[in-house]
Amino acid sequence: MERRTLVSFVLILLLTAVAVYGVVSQQHPAWLTNLLFWQPEATRNLDFQLGLDLQGGLQVLMVADLPAGQTLDSQAMETARRIVEKRVNALGLTEPVVQIQGAERIVVEIPGIENPAQAVDTIRETALLEFVEPPANVTLEMIYALESAQIPISTTYGMTEEAIQAQSAMTDSMLFKTVMTGADLANAFVTRESQTSQPVVAIEFQSEAADFFAEYTSTHLGKNLCIVLDKQIISCPRIDSAIPSGQATIQGNFNYESASQLAVQLQYGALPIPLKIESYKAIGPSLGAISVEKSVRAGIVGLVVVFLFMLIYYRLNGLAADLALGLYVLLNLLLYKLIPVTLTLPGIAGFLLSVGMAVDANILVFERMKEELRHGRSLARAAEAGFSRAWTSVRDSNLATLLTCLILFIFGNAFAASLVKGFAITLALGTLINLFTAIVVTRTLIRVAFGSLGDWIQQHLWVLGL
């Protein structure tokens, strides 16, 4: 057996062990889930994410709340739908369905939601962030008292110059001058404070606002600049040095969920029209438990039939294909957990379809191998010829499938058809993994078998289906 084949075989065994652990094990250590940096911190796990049709979730119905006499613009409704969808997606919620119903309603369906109140608040509310300059007659003690008591303050945001001058002339007024607002933000995200590891909201200003912020901080050294959210003071830090980078952090009594909610509201801004929650309710799986059970059972039966067909018809080669197919299933399920991919019934259908295509690649190889053996080729040459000459057909068929998946994903995304997107994603993932398992894994297993039992197999070609 060649050294290269042995190394490939050992690596395949290690990959199989990792896939089995990731798919079968239900208890994963925190250090492992923390490696999933691409997933939202609050929802990092190695659990399967089920769609609304499989596990149910939360349905929120919102209606436009316009003043009397004001007309509703259809474009404004579409913009509001997209903002709501972005807010829900940014919370790490899986495969939400956000669509317009009628002329003035938006329906949001979220699978597997654990905190309905947080989701509803994030969808509905818009955080008004202001950087304000306290008046000269207000001491820090007064500011801290307002902050601890969470008493709303008056700011100059949205006021005309005449109104500002009139209110400033009042001796008992407490008017905070608005320096900048959240409209100047380019980005907002959750991070952790370096010393205490407490969640904070990091913000980045747009280029022009960053220049203004740098100039303002450089000319107001030693003074306090208060951070105000929805007219309530969060903190009032002192400007010790100029901030030329256009980056700052909002610190407060946050946990990760509240900080994430604030970051989402700041990042995606105000809704173009006011929306009010008309109703929200928990909904069960749209397919029902019996339908899901039957679908899973049908998938398992289909897999067993494919395994038996390959084993009976192609025998030793079929055994190698079955082992590669088993690894194929494990790798698909592992990627569904790692990415994560939200599993819906169309997504499961895409996965099962890709299983049939994986077998199709092996059939092309094995039939070509049989032709080479009938022409008197040795086992080693027949095996290599089978894989090399069938590769072009395998490559072209898989490329056509990937292009189809891309088209389905683009149209599913354009028309907010999440079920179509789920089908396209699982089929594309299965197709890519198929190129690895049907070619690399199956070839390695056959090389190991032929290298170990080559003489015996050459004299008993019936084990290859001849």
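Reply: Let me start with a term for side chains: buried means under 20% relative accessible area, exposed means over 50%, and partly exposed is in between, with a 1.4 Å probe and protein chains only. Helices (H or I, at least four residues) and strands (E, at least two) are DSSP runs, numbered from the N terminus. This is a predicted model, in which local features need pLDDT of at least 70 and side-chain atom pairs count only at pLDDT 80 or more, while totals for chains, interfaces and linings use all residues. Residues are numbered from 1 along each chain as its sequence is written, and side-chain values use heavy atoms, with hydrogens and water left out.

Me: New topic: how many disulfides does a search of the whole structure find?
Reply: The search finds one, where a disulfide is counted as a pair of cysteine sulfur atoms within 2.5 Å. The disulfide joins cysteine 226 to cysteine 236, with 1.8 Å from S to S. Cysteine 226 lies in strand β10 (residues 226-229) and cysteine 236 in the loop between β11 (232-235) and β12, so the pair ties together parts that are ten residues apart in sequence.

Me: Why is the disulfide left-handed?
Reply: The disulfide is called left-handed because the torsion about the S-S bond of cysteine 226 and cysteine 236 is about -45°.

Me: Are those two cysteines buried or exposed?
Reply: Cysteine 226 counts as buried because its relative accessibility is 0%, and cysteine 236 counts as buried at 7%.

Me: Which sheet has β10 in it?
Reply: β10 belongs to an open sheet of five strands in the order β6-β7-β5-β10-β11, with mixed pairing. Its edge strands are β6 (154-155) and β11, each of which pairs on one side only. Strand β5 (residues 129-133) runs antiparallel to β10, with four bridges joining them, and valine 132 has cysteine 226 of β10 as its bridge partner.

Me: What packs on that sheet?
Reply: Helix α6 (residues 140-149) does, touching β7 (175-181), β10 and β11, and its direction makes about 105° with that of β11. Contact here means heavy atoms within 4.5 Å, while axes are lines fitted to C-alpha atoms, for helices over the stretch in contact, and angles run from 0 to 180 degrees between N-to-C directions. Helix α8 (residues 207-219) lies across β5 and β7, running at about 135° to β7.

Me: What about the sheet with β3 in it, in what order are the strands?
Reply: That open sheet has four strands in the order β3-β4-β2-β13, with antiparallel pairing. The edge strands are β3 (97-101) and β13 (275-283), each pairing on one side only. β3 and β4 form a hairpin with three residues between them, and glycine 102 in the turn has a positive phi of about 70°. Valine 97 has glutamate 109 of β4 as its bridge partner, and glutamine 101 stands opposite arginine 105 in β4.

Me: Last one: which residues have the most contacts inside the largest nonpolar core?
Reply: A nonpolar core is a set of buried Ala, Val, Leu, Ile, Met, Phe, Trp, Tyr and Cys residues joined through side-chain atoms within 4.5 Å. The largest one has 43 residues, and those with the most contacts inside it are Tyr328, Phe366, Met369, Ile446, Phe450 and Leu464. Helix α11 (316-338) is one of the elements that give two or more residues to this core, and α11 gives the most, with eleven residues. Leaving aside its neighbours within four places in sequence, phenylalanine 366 is in contact with residues including Met310, Tyr314 and Ile446.

Note on methods: Two strands pair if DSSP finds at least two bridges between them.
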